[in-house]
Amino acid sequence: MDKIIRIGMDTSKHVIQLHGVNAGEKPVLRKKMRRKEMVDFFTTCPPTLIAIEACGGSHHWARLLTSFGHEVKMIAPQLAKPYVKRNKNDAAEEGLCEAMSRPTMRFVPVKTVDEQAALMLISVRTRLIANRTQLANAIRGYANEFGISAAKGLAHVPMLLERVQVEKTVPELAQELFISQAEEYAELERKIADVEAKVKAWQRNDERSIRLNTIPGIGPIGSALLIMKTPAPELFKSGRQFAAWIGLTPKDHSTGGKMRLGGITRAGDEALRAILVNGATAVIHHARRSGKASRWLAELLKRKPPKLAAVALANKMARIAWKLMVSGETYSAQSGPASTRCAT
């Protein structure tokens, strides 16, 4: 009865805690180890079922432990937390061990090193864009101190810098600082273009991403992000569940048979949700300028303001994307799969 059947592992930078149970669900292993000690332990340990919280470095540990012959189950933090008892000194690994035994528990697929590299590419792009936005706002603020302003949009920042350089009222010291910022801004633009070129190259070599790219509002970056960020589309029972995982469904405060819906939950990945909403906003802007919109979108815009309509359209785009990822179908606007059949 002392044979370990499940182990919950709480990882950290230096110290790792283990909690193992036998067939009678009694704890038979409680250890705190350093990283090397943990590797040596699992090298000699018989093949065991191991639960790890899906966090930083967890995919590396899952790949390593799998190579030792163990079966690793990764659990999202929000799904493991209910099993951690409160007001007691119970460690997180005990909750992981219990959560893994639940028959309805959903697990996070382990990513390969290539998938991790692709995700790193997206993260680098996000950071560079944030740095560019921060620098553009700083340039506008500094220029405004000298009475120089420009229209909204990143496209006007280079022109603003050119105006500053020829403006005689700007002192020499400020001119030098603006030149330095102009060089930094140009370097960020170059790095962003280089990273986006790599993302698009990755997208062109992935068959699923190519199919997602055909959905209106989901461009190369959005389709690549959907493939990289989605753990496994078949884990979701429906497109609605997938949209809820992204955080594009309203909060439900219903009770006593009365429907009370709030704003979107904002659960899931922020970058994925943002790029879907941005793509939906672009579709709505194009539809309003051209006067060409689907019947569903046209009726929605009559009832709702553009921002709410953009979230609703992003929800629909997510459900369509899920359908294409699961079924392997190709998007077609003629027969209406984008508005009816794929939106389930």
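**Aromatic rings and their surroundings**

Modeller: A search of the whole structure gives five aromatic pairs (rings of Phe, Tyr and Trp, the last by its six-membered ring, with centres within 6.5 Å; planes under 30 degrees apart count as stacked, over 60 as edge-to-face and the rest as tilted). One of them joins phenylalanine 41 and phenylalanine 42. Their centres lie 5.1 Å apart, with 80 degrees between the planes, and the pair is edge-to-face.

A word on the ground rules. The model is predicted, so local features need pLDDT of at least 70 and side-chain atom pairs count only at pLDDT 80 or more, while totals for chains, interfaces and linings use all residues. Residues are numbered from 1 along each chain as its sequence is written, and side-chain values use heavy atoms, with hydrogens and water left out.

Back to the pair. Phenylalanine 41 has 18% relative accessibility, so it counts as buried (under 20% relative accessible area; exposed is over 50% and partly exposed is in between, with a 1.4 Å probe and protein chains only). Phenylalanine 42 is at 0%, and therefore counts as buried too.

A second pair lies further along the chain. Phenylalanine 236 and phenylalanine 242 have ring centres 5.3 Å apart and planes at 70 degrees, so this pair is edge-to-face. Phenylalanine 236 is at 6% relative accessibility and so counts as buried. Phenylalanine 242 is at 0%, so it is buried as well. Ring pairs tie Phe236, Phe242 and Trp245 into a cluster.

Five strands form an open sheet in the order S3-S2-S1-S4-S5, with mixed pairing. S3 and strand S5 (71–75) stand at the edges with a single partner strand each, so one side of each has no neighbour in the sheet. From one strand to the next, the twist averages 20 degrees. Two strands pair if DSSP finds at least two bridges between them. S1 and S4 pair in the parallel sense over four bridges. Arginine 6 has leucine 49 in S4 as its bridge partner. S4 and S5 also run parallel, joined by five bridges. There, isoleucine 52 stands opposite methionine 74 in S5.

Another helix meets this sheet. Helix H4 (residues 92–100) lies across S1, S2, S3, S4 and S5, and runs at about 140 degrees to S1. Axes are lines fitted to C-alpha atoms, for helices over the stretch in contact, and angles run from 0 to 180 degrees between N-to-C directions.

Rings also meet charges. The charged end of lysine 73 sits over the ring of phenylalanine 107, 5.1 Å from its centre (NZ of Lys or CZ of Arg within 6 Å of the ring centre and within 35 degrees of the ring normal). Lysine 316 lies over the face of tryptophan 296, at 3.8 Å from the ring centre.

Last, the wider setting. The protein chain has 14 helices and seven strands. Buried residues make up 37% of its 344 residues. Its C-alpha atoms fill a box of roughly 85 × 55 × 45 Å along the principal axes. Among contacts between residues at least 6 apart in sequence, 48% join residues at least 24 apart.

Technical notes. Helix = DSSP H or I, 4+ residues; strand = E, 2+ residues; numbered from the N terminus. Contact = heavy atoms within 4.5 Å.
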